[in-house]
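Please brief me on this protein model.

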Amino acid sequence: MTTDRHHGVTSIETVKGIRPISAMATNVIGAIVTGDDADVAALPLDTPVFSTSARALAKYAGKTGTIAAVLDGITDQADAPIVLVRVAEAPTEPEQSALVIGSDTAGKLTGLKALAAAKTLLGVEPKIIGCPGLDTQGVTAELVVVAQALNAFAYAKAIGATLTEVAAYRENYSQRELELIDGEFTRISPITGEVERAMTIAIAMGLRAKIDSQTGWHKTLSNVGVNGVVGIETPRSFSLINKDTDANFLNNADITTLVREDGFRFWGNRTCSDEPMFAFESSTRGAQIIRQRIASAMMWAIDKPMTPTLIEDILLSVNSDLAKDVRDGKLYGARVFVRAEENTKSEILLGKFRVGYEFTIVMPLENLVLEQVVSDTFIVNLVDRVVAIANDILPTTV
């Protein structure tokens, strides 16, 4: 007797169409801090700790090390989600740098290597990272490695006593994931009431998170008012018009600096990239975010039968996502494409299909050129107006 017949209606459900691609959380901060008197239960050594609120962690900070000042610098700009890794305080800078860089010993991760494992351990991936107050050259070199692993963006101090030393320090780096910042803001100490150095890199990280939340990743850190600071430790000369200034010298060396102009601000848009396409902070972060956002959203398509309908749905989904960035003013334009020559029979037999997309990220207006022309062109207006006035007020003589 056959059992494969059905006398009735067989209902088959097919899912077809665009799958929405969700926005990424780009404002998650990751920081290495010190503080031997911190609450060890809440902030154990060399253990990534996540909080949806940086402000909520302040009560565990204690008074030693960097943690209290780092959290204060961040939260003065915005309360942001954060992953903290606390390392022990060390008596010398080399020893401290070694603890910050960390290690992987028998599966025990410490320092920056523990921060790099945040997604595996916590399910959270920091996108704005730094080691405020601890960023020696060796630490910054490792910080960039972690930024690349996390698809994140790093801020670090530009080291040097003079302008030329700072510019020379920049030459140590070629990575798009890094922005170097010259100078230190000052603040009023919440303990002594005296003026002291602020955690400038923490301020940059908090401001980056604020801009991401309020404006978007396409706006750079530059020329946005900074909260909670009262001065600049070593002021740099600055002019909006004159290019022969300290600030412009540093900007030409791809270094962001600090200025006071209608408040205190970071001034500079550039990364350390050796690839001109990623010279701007916004170009790098846009490429990072779009790449991960689209790739992560394609889970639904993997291992489904490779039908024309499936490929069409993928194309439509990517196109819809990029079109939103264009509408939001983050991209000048974008397109999705398929090249027949790249999708050969042999590739398809291996279960592979290539979909391409391209876009152009909106650039910051770094240099506004205003052309002022002083001429005699409009003298004729004077004559015309005087003649008109004379005709109106003077009597006609016969």
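The points below go from the annotated domain to strands, loops and pockets.

This is a predicted model, in which local features need pLDDT of at least 70, side-chain atom pairs count only at pLDDT 80 or more, and totals for chains, interfaces and linings use all residues. Residues are numbered from 1 along each chain as its sequence is written, and side-chain values use heavy atoms, with hydrogens and water left out.

**Annotated domain**
- The unreviewed UniProt entry places "domain: Tail sheath protein C-terminal" at residues 274-374. UniProt positions follow the numbering used here, feature names are shortened, and annotations may be inferred rather than shown by experiment.
- Residues 274-374 are 41% helix and 13% strand, and their end C-alpha atoms lie 41 Å apart. Helices (H or I, at least four residues) and strands (E, at least two) are DSSP runs, numbered from the N terminus.

- Six of the six residues of β3 (residues 82-87) are buried. Buried means under 20% relative accessible area, exposed over 50%, and partly exposed in between (1.4 Å probe, protein chains only).
- I82, L84 and R86 point one way from β3, while V83, V85 and V87 point the other way. In a regular strand the side chains alternate between the two faces of the sheet.
- β1 (residues 29-34) runs parallel to β3, joined by six bridges. Two strands pair if DSSP finds at least two bridges between them.
- T34 has V87 of β3 as its bridge partner.
- β2 (residues 49-51) runs antiparallel to β3, with three bridges. Here F50 stands opposite V83.

- β12 (residues 257-260) and β13 pair antiparallel over four bridges. R260 has F264 of β13 as its bridge partner.
- In β13 (residues 264-267), F264 and F266 point one way and R265 and W267 the other, and all are buried.
- Three residues lie between the two strands of this hairpin.

**Positive phi angles**
- Most residues other than glycine have a negative phi, and most peptide bonds are trans.
- D262, in the loop between β12 and β13, has a positive phi of about 55 degrees although it is not a glycine. D262 is exposed, with a relative accessible area of 73%.
- A106 has a positive phi near 55 degrees. A106 lies in the loop between β4 (104-105) and β5 (108-109), and is exposed at 84% relative accessibility.

**A three-stranded sheet**
- An open sheet has the order β10-β9-β11, with antiparallel pairing. β10 (195-197) and β11 (231-232) are at the edges, each with a single partner strand, so one side of each has no neighbour in the sheet.
- β9 (residues 185-188) and β11 pair over two bridges, and T186 stands opposite G231.

- The largest pocket holds about 910 Å³ of space. Of its 27 lining residues, L240, N248, W267, E366 and N367 are the closest to its centre.
- Helix α9 (residues 246-252) gives the most to the lining of the largest pocket, four residues. This lining has 10 nonpolar, 12 polar and five charged residues.
- The second largest pocket holds about 470 Å³ of space. Its lining has 13 nonpolar, one polar and five charged residues.
- A pocket is an open set of points on a 1 Å grid over the protein atoms alone where a 1.4 Å probe fits, with protein on both sides within 12 Å along at least five of seven lines; lining residues have an atom within 4 Å of a point.
- Grid points are joined across faces, edges and corners, and a volume is the space filled by probe spheres set on the points.
- Ala, Val, Leu, Ile, Met, Phe, Trp, Tyr, Cys and Pro count as nonpolar, Asp, Glu, Lys and Arg as charged, and the others, Gly among them, as polar.
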